[in-house]
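Work through the following exercises with the model at hand. Each task is followed by a stepwise solution.

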Amino acid sequence: MRFMPDRMFRMTRFWLGMSLGFILIIGTACSDEAELTPEQKNLFATWDIAQEIRKDFREKKSDELLALLSPGFPGKVTIKKRLETLFLGLEKTALHLEMDSGIWNPQKHTIEYKAHWTFSGFLKKGGPRVFKTGECRIWVRTGEPASSQVIEKIIGDNFFLMSLPSQKNGNPGAT
């Protein structure tokens, strides 16, 4: 008398091997996570500046947007006026800002991002939808690990300097 047929033994051995392999894969995937170094945290935070910009555009917070700019950023007064006019004239806003790639400059402690953006919003008083898109380069200074990251400069299509389209009949943006 045989205890276990030969074919059943091979199948059991196969599934046992598969189960052990699966357990090993899961075990290596769930290994301990290493803490990021201060430099890595800083680099990650510069990438996250796009998320902060999107959130502040959605919530129409011009002061928070201006706080992301370095003190030496040119045209802060102009940017503040344009943002306030834009936000007052729009019912809803949305900005999709995508950092495509970045180049780290260790001497200046900046990252030059290539980015593309899409802005949309609805004019108040039943006006049409505003839709603009562009590409730009954004220089973000990493600073010290404890300090926040700031935008040094933007070259190209600048989403901070958008304005409402001109309309007639007393609607927002009328000239």
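Predicted model: local features only at pLDDT ≥ 70, side-chain atom pairs only at ≥ 80, totals over all residues.

**Exercise 1. Describe how strands S1 and S2 pair, and examine the hairpin between them.**

Step 1. S1 covers residues 90-105 and S2 covers residues 110-123. They pair in the antiparallel sense over 14 bridges. Pairing requires that DSSP finds at least two bridges between two strands.
Step 2. The hairpin has 4 residues between the strands. Histidine 109 lies in this loop. Its phi is positive, about 55 degrees, although histidine 109 is not a glycine. Most residues other than glycine have a negative phi. Histidine 109 is partly exposed, at 42% relative accessible area.
Step 3. Methionine 99 lies in S1. Methionine 99 is buried, at 4%. Its C-alpha atom is separated by 9.5 Å from that of cysteine 136, 37 residues apart along the chain.

**Exercise 2. Find where lysine 60 lies and state its phi.**

Step 1. Lysine 60 is in the loop between helix H2 (38-58) and helix H3 (62-67).
Step 2. Its phi is positive, about 55 degrees, and lysine 60 is not a glycine.
Step 3. At 26% relative accessibility, lysine 60 is partly exposed.

**Exercise 3. How many salt bridges does a search of the whole structure find, and which elements do they tie together?**

Step 1. The search finds 5 salt bridges. The criterion is a side-chain nitrogen of Lys or Arg within 4 Å of a carboxyl oxygen of Asp or Glu.
Step 2. Lysine 61 bridges to glutamate 59, with the closest N and O atoms 3.0 Å apart.
Step 3. Aspartate 63 and lysine 80 meet at 2.7 Å, N to O. Aspartate 63 lies in helix H3 and lysine 80 in helix H4 (residues 76-89), so the pair ties together parts 17 residues apart in sequence.
Step 4. Glutamate 152 bridges to arginine 141, with the closest N and O atoms 2.6 Å apart. Glutamate 152 lies in strand S4 (residues 150-156) and arginine 141 in strand S3, so this pair ties together parts 11 residues apart in sequence.
Step 5. Shared partners join Asp63, Lys80 and Glu84 into one network.

**Exercise 4. Which residues form the negative surface patch?**

Step 1. Apply the criteria: patch residues have over 30% relative accessible area and no salt bridge, with like charges joined within 9 Å and nonpolar side chains (Val, Leu, Ile, Met, Phe, Trp, Tyr) within 5 Å. Lys and Arg count as positive and Asp and Glu as negative; His and the chain ends are not counted. A charge is placed at NZ of Lys, CZ of Arg, CG of Asp or CD of Glu.
Step 2. The patch is formed by Glu98, Asp100, Glu135 and Asp157.
Step 3. Glutamate 135 is in strand S3 (residues 129-141). Glutamate 135 is exposed, at 58%.

Methods: Residues numbered from 1 in each chain as written. Heavy atoms only, no water. Areas by Shrake-Rupley, 256 points an atom, 1.4 Å probe, with all protein chains shown as cover. Helix = DSSP H or I, 4+ residues; strand = E, 2+ residues; numbered from the N terminus. Buried < 20%, exposed > 50% of the residue type's maximum accessible area, 1.4 Å probe, protein only.
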